[in-house]
Amino acid sequence: MGDKDTKNVRFKEPILEDFISFSDDDPLDSLNHLNSSTRVKYFTNELSFRGRLKRLFLRKPETRLGSRIVDLVLKVILCLLYVIRVELDDHLDYQCYGYNCSERNLTLPEDNDRMLFSSNAINWHVLVWVRRSSVLWTIQVLLSFITLMKGLLDIYIGSKGTCLQKLTHDGFILDLICTVPFLLTLAYPPLLINIFIPSFLNCWLVRRSLQKLLNDLHLTRQRFQTISVTLSQQLLVLLVTLWCLIFTTICGIQHIQRGSAEHHLSMFEAMYFVIVTFSTVGYGDISPDTWLGQLFMAFMICLAFAFIPRQVEGITSTLKERKKIGGEYSQRHSAGHRHVVVCATNLTAESIMDFLIEFYAHPKLEDHIVVLLSSEERDTSLQMILKDPKWAHRVIYMRGSALKDIDLKRCRIHEADGCFILTPTACNNRDEADQHTILRSWAVKDFAPKCRQYIQLFKTENKIHVKFADESRLKQHVVCEDEFKYALLANNCLYPGMSTLVTLLLHTSTGEAGHIGQEPWQQVYGRHSRNAVYHIQLCKSMFFRGYTGQSFTCASANAHKRFGVCLVAVLDITKPDPRLQLNPGAEYKLKDSDYCFYIAEFKEEYAKICSEAKTDQKQTGNEPSKNLEQISELLEKLLQKDLSSPQDEQEESVFNNTITCQWGLEIARRMRTKSPETRSSESDLDDNVVDTEVDTHGQTDPAVPKVLQLYEDMGQESITTGPPPPTLYASKQKTLCHVMKSPRPVCCLEWGTDCEHCTYKNARDSRWTNQLIILAAEHACVGIHNFIVPLRSNFISMNSLSPIILLLNERPTNLFLETIGHFPLVYWIQGKITSIDDLILAGIHKVSHLVIVNHESKSKEMEKTMVDSESVVAVQTILKLFPNTNIITELSQASNIRFMQFQANNEYTRQVSKLERKLKERMSSTLSHIFRLPFAAGQVFSASMLDSLLYQTFVKGYLITFVRLLLGIDAEDNSGHLSSIRVKNMTLARYRTFEELYQGMATTTGEIPIAIYRTEKSIPETSEDVGVNNNEGSKRNGLMEAHSRPSLPKGPFMGNHMQSSDMSDLVRNRLQSLGMDADDYAEEDTKDDDISYVILNPTPKRKLRVGDIVYVVQPSSMAAIPHKQRWNRTRSVRLRNKEHNGNTRSPRSTSPISTSPRSTSPTSSSGGSSSPKVEKEHYSGVNFLTPEFTTEQDKNGRFTVVPST
């Protein structure tokens, strides 16, 4: 066998046939190099002439695209040449068999038919022959030859179908009709050059070439075939199809009418006739008069009915799909606008409205476009929002997934200013929801690495997966619901109304609520709710420009006096690692480069500053030194007077809370010993005095002493100060807490069960009266860590620590128990808030605060607004059984706040409902429930309120850091912390207005007041605190409406005396059965008809009242002072009950209680204890029947109160 045969044989082997290098001339040489490093380029079937043509014209994108364009251009030119030929042709010159009829005296065919509207007199000569110039004929022949060769080449190199199928394809047949006749004229040009050829049919080849070109553009440029691109292509093809029908009809009817004896049409007249006919107008001024023309028009109309509906049906289907998936943010939209993308599993109308109101509240964002991306179809309410003229041109909805690149491309996320990834408003599995959020975040990061992300999570432990969203320590763009809500609930236990204060700071409001409010407190509360946090660089600020080189606290005091703004924080950008600092103290000197953070009603850029405020600037740098002698003398007098005179339990001196007696005496002593020269040259307090560690909590609340102050067997010597215990998911924090030197054993953590180490961790011990903080949660989670840390902050004195009881539905894990074992006085107990026994064992009758965290919804079929039903009903049940319980509730839906003190027949509740509806209709704020009493008093908090924290971070990148520092989640060096003071009579004797208090505190102790928590009776005695800037008419209206106000609800339930007695008997019987002291239960409702609310950043002229709690930001050198709002009276009731039964004793006179083992008797006194298993076996003699509630006994023997049916 020869070499050639050998090559052929080896070529047929399938394995060797697949891999042959195109660079080798000899296939045998290719076989020798199969194992070499040479990269194989082509297959053997591409080495042939056909394969090379296929690579050139089909595989190569540029050549293929150029070929399509050339084909399209050729077909268009042929159509244009036909029009040119028609315009140059005058058939009258040869209509009589090639001659002019007038010259040869010839006659045309006559009509011999009896039809009235049709004629058979057709001049067939002018239909077969035309006049065509030689140049025009030459061009048409040449183009036809090129077109035919191109079509044959496509058939030759094409791979779809057999050769016969390609030859019989309708496109190729039409191509033959339009090109072959021109080539046949070459057989005898003198005669055939003037034969009629319907080259106008090339318009249908134009349509075919255009479709191929659009497909090739998509393949060549690798474009995303979005629904909008598909729709635009379909519309373009439809227009081209209509043009082909019209053009074919125009050319056809014009040529047919050449054979008519009377009605000849030009191209323009034919176009007019066709358009009028296809539009179904039909004027009748022009119509075909021959049967051939009428037949042609009937055929074309039928053809139109066959083609157009198919095209329209495809477009209609695409439009329906587009409606389902929403619009598209095209390049035309992005040319003149900037945009943000909002991603979520489901977007509800309420959540979208909250986002839009908060987002567009900033003037700089008015021109931004919001693109909504969700995987679910929009509901009817969301469609109504998108059709609203206010949002129609600024909001685009798209149905898609952030995990698909094509959907991210549709919303042009790589060009977006930011991407908000939100959690669903109601979900059954928060872990799964966070996992979806994390995957969306990763997908966006992979597709658009430079796009800033603003992420919302449920659980703190999932934050480690999206840390890349926190660009710096100052700009944090991740909000964990558990992290912030537990910290807010903890701060509510320390400072009443703290959750309301933070909510008002985070929400954007126009202050319209102050004008809608009908009562004085509503006007004051609503007007100040418009305050928010802003920032500006000092050198660019009209407020703070003149304070360069002065102390921070003095600048803050003077700025508030002049402009009504509260300077609370600063950022020094000259440091290598800038950190936001809350109230850095009097030692910090402001610099031109510093960024100032202040609380005000308006941003400085939009505020109008009066000329008096601009010229009223004083040199405040030396004010402390000039007034220090007077201040020290006054302090000494006031302190000595406070020590010598008895004080009311409800009142507390501002100086007792901010400056100790020793400090004031030390200032006075030092001032008296200084010379006038030294005294006038000193500007600040002595460092030794400021840095002196003073325990101010010994005089915080003498009426209710803390348990660590009374009992010495609580392990105080084992408590130290240090960082909180590290957890797997919590980042490294600078926060310092009161922690144990060594972790407590696990047995010492379970509440209600004695162990060998301690026997007092049960609700029977009398030491816990009005001491306990109970947190009721579904299960232990990492977020509880942020509830414990603020309550164990080192800024709070050790003797002021309150015991924390975690009431959990499920037993916590060992890791969780080991973590809480590092904190003092933290216990856990398994139980539910729906069980009376569990609540009593947890110590609800001795609680100072009961914090209820909303449970997750387990039912997928439940309405999203019903997720709070369990919490709402449980709270109302507890308030009926234990009317003096101070409950702080967390809800998922802010709209359910109205159910916390619901009374259908109460007139005052109806008035508040009307105000709420007005605010919703005007859409001026997302806080439509601002006037609900539980929210105003800080007794209820909704996690949905944290959404605005993430929304506003887009403009205020520092806001998350600011809130974390304010709540005590994080800490920075030399950064201040939150505290509070209570205004007493002695305070009002010196400081009548908020301005005077601000000046006194800022220039002496370095504290900065930011808000007032005010409690007043249902009908105020005076109306002097109505807005300062309100007119006199509104004041009079406020007074009249205040005195005609219906009475406030005495409590959430107002039952008759018999019902209340039944409830009391039930609770007392359960206390006795569980071995508790029945006298610890206070059945009297000691709550007054009070209204509590927050005045954020009060105006300088706002008058103080006795009992006001002032929130202050203290410097880091001072100790924080928590305040309870209203528990002295309840404690007095309990003490009176014990005195009446002869059970009172001095806590210090005897050893601590409950040192003996538990007694098994169900009626043992509070000093004893009994086993929980034995307690639950004794239930005889208890009356459980009540008018509205019944009890159910579970498998463990515990009783649960449920609403009766």
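Predicted model: local features only at pLDDT ≥ 70, side-chain atom pairs only at ≥ 80, totals over all residues.
The protein contains 46 helices and 24 strands, and 55% of its 1205 residues count as buried. Among the contacts with a separation of 6 or more, 76% are accounted for by residues 24 or more positions apart.

A search of the whole structure finds 28 aromatic pairs. One of them is formed by Trp521 and Tyr1093, whose centres are 5.5 Å apart and whose planes stand at 40 degrees, an arrangement classed as tilted. This pair links distant parts of the chain, since Trp521 belongs to helix α24 (residues 520-528) and Tyr1093 to strand β21 (residues 1090-1096), 572 residues apart. Trp521 has a relative accessible area of 1% and is therefore buried, and Tyr1093, with a relative accessible area of 2%, is buried as well. The rings of Phe543 and Phe544 have their planes at 80 degrees and their centres 5.9 Å apart, so this pair is edge-to-face; both of these residues, Phe543 and Phe544, are buried.

Ring pairs also join several residues into a cluster, which consists of Phe355, Phe359, Tyr360, Trp391, Phe420, Tyr454, Tyr951 and Phe954. Tyr360, a member of this cluster, has Arg394 lying over its face, at 4.1 Å from the ring centre. A charge over a ring is also found at Tyr534, where the charged end of Lys956 sits 4.5 Å from the ring centre.

Definitions and conventions
Residues numbered from 1 in each chain as written. Heavy atoms only, no water. Helix = DSSP H or I, 4+ residues; strand = E, 2+ residues; numbered from the N terminus. Buried < 20%, exposed > 50% of the residue type's maximum accessible area, 1.4 Å probe, protein only. Contact = heavy atoms within 4.5 Å. Phe/Tyr/Trp six-rings, centres within 6.5 Å; stacked < 30°, edge-to-face > 60°. Lys NZ or Arg CZ within 6 Å of the ring centre and 35° of its normal.
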